[in-house]
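Work through the exercises below with the sequence and the structure open. Try each task before reading its solution.

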Amino acid sequence: MSPSGPELLRAIKSQIEEVDPAEVHELIDEGVAIVDVREAEELASGQIPGAKHVPRSYLETRIEGAVPDHSTPVILYCASGNRSAYAARTLLEDMGYENVRSMTGGITLWKDRGYEVHLPRALSPEQRERYSRHLLIPEIGADGQQKLLDAKVLLLGAGGLGSPAALYLAAAGVGTLGIVDDDEVDLSNLQRQVIHSTQRIGIPKVDSAEESIHAINPDVNVVKYPLRIDASNILGIIDGYDVIVDGADNFPTRYLLNDASVRLKIPVVSASILGFDGQLSVFMPYDGPCYRCLFREPPPAELAPSCGANGVLGVLPGTMGLLQATEVIKLIVGIGEPAIGRLLLYDALGATLTEVKVHRDPDCPVCSRDPSEISDEELGSFPDYEAFCAAAG
Amino acid sequence: MATIKIPPVLRPSVGGEKILSASGASVGEVLHDLASTHPATRSQLFSAEGELNRYVNVYLNDEDVRVLGGLDTAVAPDDVLVILPAMAGGTRAPSL
């Protein structure tokens with residue numbers, strides 16, 4: 001005769017080990033993985049601080065994203081300690097986890113004992129639907145999505161690189177997107193600058209970009225800077241942003257941005273493109289090299305493609321801009337291995353990706369010094385660049 | 001013969017090639033061999049004093065030769081040298 005529900009539960013609990021909330025409270029931050037197996041809609045009542053969320057209905061498919069090492073001690077909890085008991089047996093018997101316990105009484109008893117709970121800011125139903133494919137990835141989930149919603153990203157340029165980066169960052173739910181661009185939409189932009197449109201030729205790029213961003217995600221706060229960044233305004237513009245996407249089309253701006261971002265310790269996701277070739281790196285001030293560590297000086301005019309109009313495969317800034325957007329999301333959510341100290345070289349014609357190492361320069365004129373020592377006058381300085389460009393005609 | 005990957009901005013100086021081979025037992029020798037075959041590259045790679053220009057990075061496989069032995073770094077026949085000047089673009093003409 002098949003057991004009744006209560007009999008089955010008693011049988012399950014006799015096969016696993018339970019742990020009292022008092023002991024769990026002592027084990028927080030002690031190398032134990034605490035996993036909340038309730039459903040997403042139950043989390044608004046609060047979670048144990050630091051707990052990971054793996055709903056029991058997705059336990060088998062997602063637990064390894066949250067707890068990859070089967071030897072890690074795991075404590076499961078639910079609302080009252082029953083579902084976590086079933087889940088514990090699954091991890092022990094079916095998945096080979098070695099040390100799994102279920103918390104007695106669940107979050108209800110935890111709260112009755114007066115222990116602290118973390119109250120997650122709940123996503124709205126519309127947000128849960130919009131970002132559902134992010135919520136399904138354990139590496140992002142609700143916490144990562146909330147980080148994206150709280151993030152402020154500045155895009156230097158709404159051109160070839162900035163267009164795809166802005167569109168995808170907006171779609172991903174980055175809460176604030178700042179856009180610096182003093183240009184207007186031109187017909188010749190539309191071969192690659194996909195955030196703009198034929199109907200918007202002649203209007204400021206920041207306005208055109210804002211329209212496309214709001215069309216894909218009206219919740220994004222767009223901050224428009226219809227100006228050219230220079231030494232007098234850069235600190236005021238970039239201060240307060242979490243990450244900067246560098247799609248600048250000229251060396252003075254790249255060096256200026258580097259120096260200012262090092263001073264304010266803001267990471268920069270940098271890419272550049274020419275013809276069929278792209279470069280990408282992440283400059284994390286004081287954790288990795290800066291742009292001046294990579295290229296101490298700008299090249300002279302004959303080697304400086306930005307000094308004149310140059311061709312580019314229209315899809316290439318799409319590729320590189322989306323690699324930038326990917327790095328931005330990784331930095332915000334805190335996942336993966338950002339391209340810090342590495343320069344990726346993409347050859348579209350050869351379909352090859354080459355990687356070279358970039359080291360911090362102990363003699364770097366900027367990042368070898370304390371941020372407070374970098375003066376306003378030094379920001380973006382290097383000699384004779386305008387003369388170089390003038391010489392190139 | 002070591003393999004040299006030529007960056008876009010130098011390709012006009014080497015007949016449009018993306019990959020070339022050059023002889024030499026050190027980075028300096030290989031690059032000078034390249035400059036002998038393609039003289040237009042010499043001033044782009046080397047300063048008047050014969051040093052590597054500051055705005056050009058050269059990698060032996062994936063490592064910056066400046067953290068190895070510079071132009072004296074030994075090169076094996078199956079090594080790959082990557083020449084890499086900075087690129088700024090962006091795709092619109094600058095306002096300078």
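**Exercise 1.** What is the mean pLDDT of chain A, and what share of its residues reach 70 or more?

*Solution.* The model is predicted: local features need pLDDT of at least 70, side-chain atom pairs count only at pLDDT 80 or more, and totals for chains, interfaces and linings use all residues. Residues are numbered from 1 along each chain as its sequence is written, while chains are lettered from A and ligands numbered from 1 in the order in which they are written.

Step 1. pLDDT is the predictor's confidence in each residue, from 0 to 100. Step 2. For chain A the mean is 91, and 95% of the residues reach 70 or more. Step 3. For chain B the mean is 88, with 91% of residues at 70 or more. Step 4. The complex is given an ipTM of 0.89 and a pTM of 0.78 by the predictor.

**Exercise 2.** Find where pLDDT stays under 50 in chain B.

*Solution.* Step 1. The stretch is residues 91-96 of chain B, for which the model has 18 contacts beyond four places in sequence; two residues are in contact if their C-beta atoms, placed from the backbone, lie within 7 Å. Step 2. Where pLDDT is low, the predicted coordinates should not be read in detail.

**Exercise 3.** Give the strand order of the sheet in chain B.

*Solution.* Step 1. Strands (E, at least two residues) and helices (H or I, at least four) are DSSP runs, numbered from the N terminus. Two strands pair if DSSP finds at least two bridges between them. Step 2. In chain B, five strands form an open, mixed sheet in the order 2-1-5-3-4. Step 3. Strand 2 (19-22) and strand 4 (63-64) of chain B are the edges, each pairing on one side only.

**Exercise 4.** Describe the pairings of strand 5 of chain B.

*Solution.* Step 1. Strand 1 (residues 2-5) of chain B pairs with strand 5 (residues 80-85) of chain B in the parallel sense, over three bridges. Lys5(B) stands opposite Val82(B). Step 2. Strand 3 of chain B pairs with strand 5 of chain B in the antiparallel sense, over five bridges. Leu60(B) has Leu81(B) as its bridge partner.

**Exercise 5.** Why is strand 3 of chain B largely enclosed by the rest of the structure?

*Solution.* Step 1. A residue is buried if 20 or more other C-beta atoms, placed from the backbone, lie within 10 Å of its own. Step 2. Strand 3 of chain B is largely enclosed because five of its five residues are buried. Step 3. Val56(B), Val58(B) and Leu60(B) lie on one side, Asn57(B) and Tyr59(B) on the other.

Definitions and conventions:
A residue is buried if 20 or more other C-beta atoms lie within 10 Å of its own, exposed if 12 or fewer, and partly exposed in between; C-beta atoms are placed from the backbone.
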